Amino acid sequence: MGRPLLYRSPMPGLGLSMGITLTMLSLIVLLPIGALLLQGVSYGAEGIWATVNRERVWQALFLSFRLSLFAAMFNLVLGVILAWVLVRYRFPGRRILDAAVDLPFALPTAVAGIALTALYAPNGAFGALFKDLGWRIAYTQWGILIALIFVGLPFVTRTVQPVIAEIEREVEEASATLGAGRFHTLTRVVWPMLMPAALTGFALSLARAVGEYGSVIFIAGNKPLVTEIAPLLIVIQLEEFSYDGAAAIGIAMLVISFLMLLFINLTQIWSRRRIGYV
Amino acid sequence: MSDATNLRAFRAPTDEAPLARWLLIGFAALALAILVFAPLIVIFAEALSKGWSAALSSLNNRDALAAIRLTLLVAAIAVPVNVVFGIAAAWFITRFDFRGKAFLITLIDLPFSVSPVVAGLCIVLLFGANTVIGSWLVAMGFPIVFALPGIVLATIFVTFPFVARELIPVMIEQGRAEEEAALTLGASGWHMFFTVTLPNIRWALLYGVLLCNARAMGEFGAVAVVSGKIRGQTTTMPVMIEMFYNEYLSVAAFSMAALLAFLALVTLLLKTLLEQRHAAGLSASRKSH
């Protein structure tokens, strides 16, 4: 006897809540994604490969995933430091900094895009500083990187903060009584406890950066082969009414994201097995 | 030596050295100043670069006002839909036991891991004028893509998980006992919902609505793909910002951006207040530390 599909319950509203949930999920999320996959199937594997296997598309995909990886790595380090400072230390202005971490979530991406461009363009406040050093930020890959760092900033901090708040001081005290210095305790005792949450934040930040469009297109310059991101290619294909081409690139992005998240999940399982659950 | 100085000199073995501590705080403040505060200041500085009257008059035209109205309308449809779905999904997931629950939650979270552009693409592929469904709907005089329904659908897609995600952890934490008590005392299903469940989840619900609304009004990628960018008809505020910006109407673009940035600041303020005043009603990961 297998487990029943649905256990009996005295709670009311089963039909209504299940009906609304499954209907809306199907209509709004699953059906449109199904339409994308169907378009891919009807286009065929050869068609998809022919679309993706072009210099311009490879460069865009490689650029999107490479810069997203760099941005997520930067955010991993910055996010853990921010989480530590915000949970462990008490200083004036802490609440403002804590709230500021969420601004990239609350600020529309197009707004962030034009703001970052104004800031880092050669005549902008930061852009002018870098220009004197002979370093261009806006309309280069550096600009894209900064935009991706901005949109992914809150993820690691927000996943790691609750874990730091739950660490028992006794663990660190035990480490100290056993003769470990503070640095040793942080790297060997505290960091392993934070790592699974930090990796989750890293994965979320990466997934967000790969698909990001609004904050990037203004600062990128959008030069084919150099600063053209994968989501922009989809938009260009759609503007040329090439639905097959757009679907092919969309599917390629979904597949690569899926493989990356799978890899991160496996790393996480491996790190949990090695270090144990927290 | 007084006791006070002794206390100050004492450092617990679980604290970092004061120098390391202040360096870390300084680094955190500097990083946020460069990455977050500087762009925020630039928006308002650019909007007001030609003065208040120029900023206000740049928004006082037909296209800009139509964009503001459209954005408010889209949010007014998308947010209530999201609330209904969020409550239904959270009720179904936390009040019944069934197989495949984890899979269902993964599906609800799916829109977070799909690029907004891909989300828009999916809707175009389903309802575009070249598809079976789309061409039929256009013939019936009810176009979806390049019209309001498509923008609303795209917005609901990208905001889909917001309310459900806030409610599910809270309703798991609260358990079913109170609702079961209400039922044994003879309350009807709706009576129980409005007198027991809703008061218990109201702060988490408000929190979800806040985040959902901010995203609904600010969504750009998905909406840009389905809107067709017909001036004064299918341009939401973020799409209008792009058009102004590409036409070198800097003051207009940044004034519109300042409106949305102000909305973001209000959202953050209310969110922080909720986290501080009503932490008990929010999910554990939302409590302020």
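**View 1. The interface of chain A and chain B.** Chain A and chain B bury about 7,800 Å² between them, 80% of it on carbon and sulfur atoms. Buried area is the accessible area (1.4 Å probe) that two parts lose on being put together, summed over both. Met11(A), Tyr89(A) and Ile114(A) supply 9% of the area that chain A buries against chain B, more than any other three residues. The model is predicted: local features need pLDDT of at least 70, side-chain atom pairs count only at pLDDT 80 or more, and totals for chains, interfaces and linings use all residues. Residues are numbered from 1 along each chain as its sequence is written, chains are lettered from A in the order in which they are written, and side-chain values use heavy atoms, with hydrogens and water left out.

View 2. In contact (heavy atoms within 4.5 Å) are 89 residues of chain A and 86 residues of chain B. The rule finds two salt bridges here. A salt bridge is a side-chain nitrogen of Lys or Arg within 4 Å of a carboxyl oxygen of Asp or Glu. Lys271(B) forms a salt bridge with Asp102(A), their closest N and O atoms being 2.3 Å apart. On the side of chain A that touches chain B, helix α1 (residues 14–52) of chain A gives the largest share, 18 residues. Helices are DSSP runs (H or I, at least four residues), numbered from the N terminus.

**View 3. The largest nonpolar core.** This core holds 194 residues. A nonpolar core is a set of buried Ala, Val, Leu, Ile, Met, Phe, Trp, Tyr and Cys residues joined through side-chain atoms within 4.5 Å. Buried means under 20% relative accessible area, exposed over 50%, partly exposed in between (1.4 Å probe, protein chains only). Among the residues that touch the most other members are Leu107(A), Ile43(B) and Met256(B). Helix α2 (residues 55–88) of chain A supplies the largest share of the core, 17 residues. Leaving aside neighbours within four places in sequence, Met256(B) is in contact with residues including Leu59(B), Ile68(B), Met240(B) and Phe244(B).

**View 4. Arg88(A) in helix α2 of chain A**. Arg88(A) is buried, at 14% relative accessible area. A polar contact of 2.8 Å joins its side chain to that of Glu172(A). Polar contact means a pair of N or O atoms within 3.5 Å; within protein, one must be able to donate a hydrogen and the other to accept it, and residues adjacent in sequence count only if both atoms are side-chain atoms. Not counting residues up to four places away in sequence, Arg88(A) also touches Thr14(B).

Notes: Helices (H or I, at least four residues) and strands (E, at least two) are DSSP runs, numbered from the N terminus.
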